[in-house]
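Thanks for coming. I have one structure today, and I will go through it in order and then stop for comments.

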Amino acid sequence: MTTVEAQKSSGIGKDLIVYVCLLALAGLQFVIAYQNIDASQMFWRMLTVACVEAGLAVLFFMHLWSEKRIFLWFVGIFTISVLLGMQYGWTDSFRMLVGAAPFSK
Amino acid sequence: MSQADLTMEGHSPGLTVGPAFSIPTKKLAMWLFIIADTMTFAACLVAYGFLRNGTPNWPRPFHSITNVALMTFILLSSSLTMLIGLRSARAGDKAGAFRWIMITAALGIVFALLHIREWLGLIDEGMRLFKNPWGTGLFGASFFSITGLHLTHVTCGVIALIAVGVRYKGGRYNADDIEILGLYWHFVDLVWMFVVPLVYLLNLAH
């Protein structure tokens, strides 16, 4: 099924459901912000909710779910692999926090 | 034998016939732009997280979530109006599609104005690019860079919405162009879903 056919076959109802889910998830992030937990826990909870929101938006608002499966896999694998590749520097961030000497010294 | 035939010689028909991934070229170009732009925002947010994690006296200047909650609601709603505009365009309702696209642009303008109001409030409190009254000066640089980059995207999106909407109404663009512009607008919305928790909510003053 092409994107156009998929859009025609599904009504506005699905878009509204996704919109309400996104609003609810955005609201959940604000609730998490006022929970009495440490920053690390708060960060992971908020990031998880944001990833779910992003997934819904990409699959249904941007209609990636209606595209060819090979394109969906291309976008998913390519994006996630580069995002994961950006995480290599975190150990140095923790080093800065404790004021230790750079690893290169 | 033509030059094109010579160039294609040796390739199987599957590699040379039809657009890549069987989607229109313009849409593929927009997806590739979105993937590249994702890397830009991800790099900014990872760098911000790196600094925030490594800086003990990171400022937490936000006292109220009202403004950012309103901005989030407006941007999410603008994605819905964009979808309705696309549906109208697909159904051949030109006037309806134009109206919804302009509503989307108006919501984008409201979002940008609220964003600027927020910036002015922080500047009034003494926040600058490299100094602020609350802690490390890096906060201002990272905050203005990330939110400024997002605001630039919203502003470009509003200009594109108006331009494409007017040309669609005039018959120069079709529903496919509206869909491609919609991809960009939803992406701007998607980025905001990460900016809000990381830049605003984690820095609430409790």
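Reading chain B from the N terminus, the order of elements is α-α-α-α-α-α-α. That is seven helices and zero strands. Keep in mind that this is a predicted model.

Two overall figures for chain B. The chain has 206 residues, of which 35% count as buried. Taking contacts in chain B between residues at least 6 apart in sequence, 75% join residues at least 24 apart.

Now one helix pair within chain B. How do the axes of H3(B) and H6(B) cross? H3 covers residues 25-54 and H6 covers residues 138-169; their axes come within 10 Å, with a crossing angle of roughly 160°. The cut-off for roughly antiparallel is over 145 degrees, and H3(B) and H6(B) are therefore roughly antiparallel to each other. The handedness of this crossing is left-handed.

As for the residues involved, H3(B) brings Cys44(B), Leu45(B), Tyr48(B) and Leu51(B). On the H6(B) side they meet Leu138(B), Ser142(B), Ser145(B), Ile146(B) and Leu149(B). Sorted by class, the contact between these two helices has seven nonpolar residues, two polar ones and no charged ones.

Next, the core. Which residues touch the most other members of the largest nonpolar core? They are Ile178(B) and Val195(B), in a core of 61 residues. Both chains take part: H2 and H3 of chain A give two or more residues each, and so do H3, H4 (66-90), H5 (94-124), H6 and H7 (175-200) of chain B. H7(B) gives the most, with 18 residues.

To look at Ile178(B) in detail, leave out residues up to four places away in sequence. What remains in touch with Ile178(B) is Gly85(B), Leu86(B), Ala89(B), Ala97(B), Ile101(B), Val164(B) and Tyr168(B).

Last, the interface between the chains. On chain A, 39 residues are in contact with 35 residues of chain B. Which helices of chain A each supply at least two residues to that side? They are H1 (3-9), H2 (12-33), H3 (39-61), H4 (69-85) and H5 (90-98). The largest share is that of H3(A), at ten residues. By class, the side of chain A that touches chain B has 29 nonpolar residues, five polar and five charged.

That is what I have. Comments are welcome.

Note on methods: Residues are numbered from 1 along each chain as its sequence is written. Chains are lettered from A and ligands numbered from 1 in the order in which they are written. This is a predicted model: local features need pLDDT of at least 70, side-chain atom pairs count only at pLDDT 80 or more; totals for chains, interfaces and linings use all residues. Two residues are in contact if their C-beta atoms, placed from the backbone, lie within 7 Å. Helices (H or I, at least four residues) and strands (E, at least two) are DSSP runs, numbered from the N terminus. Ala, Val, Leu, Ile, Met, Phe, Trp, Tyr, Cys and Pro count as nonpolar, Asp, Glu, Lys and Arg as charged, and the others, Gly among them, as polar. Axes are lines fitted to C-alpha atoms, for helices over the stretch in contact, and angles run from 0 to 180 degrees between N-to-C directions. Angles under 35 degrees count as roughly parallel, over 145 as roughly antiparallel, 65 to 115 as roughly perpendicular and the rest as oblique. A crossing is left-handed if the near helix is turned anticlockwise from the far one by less than a right angle, and right-handed if clockwise. A residue is buried if 20 or more other C-beta atoms lie within 10 Å of its own, exposed if 12 or fewer, and partly exposed in between; C-beta atoms are placed from the backbone. A nonpolar core is a set of buried Ala, Val, Leu, Ile, Met, Phe, Trp, Tyr and Cys residues joined through C-beta atoms within 7 Å.
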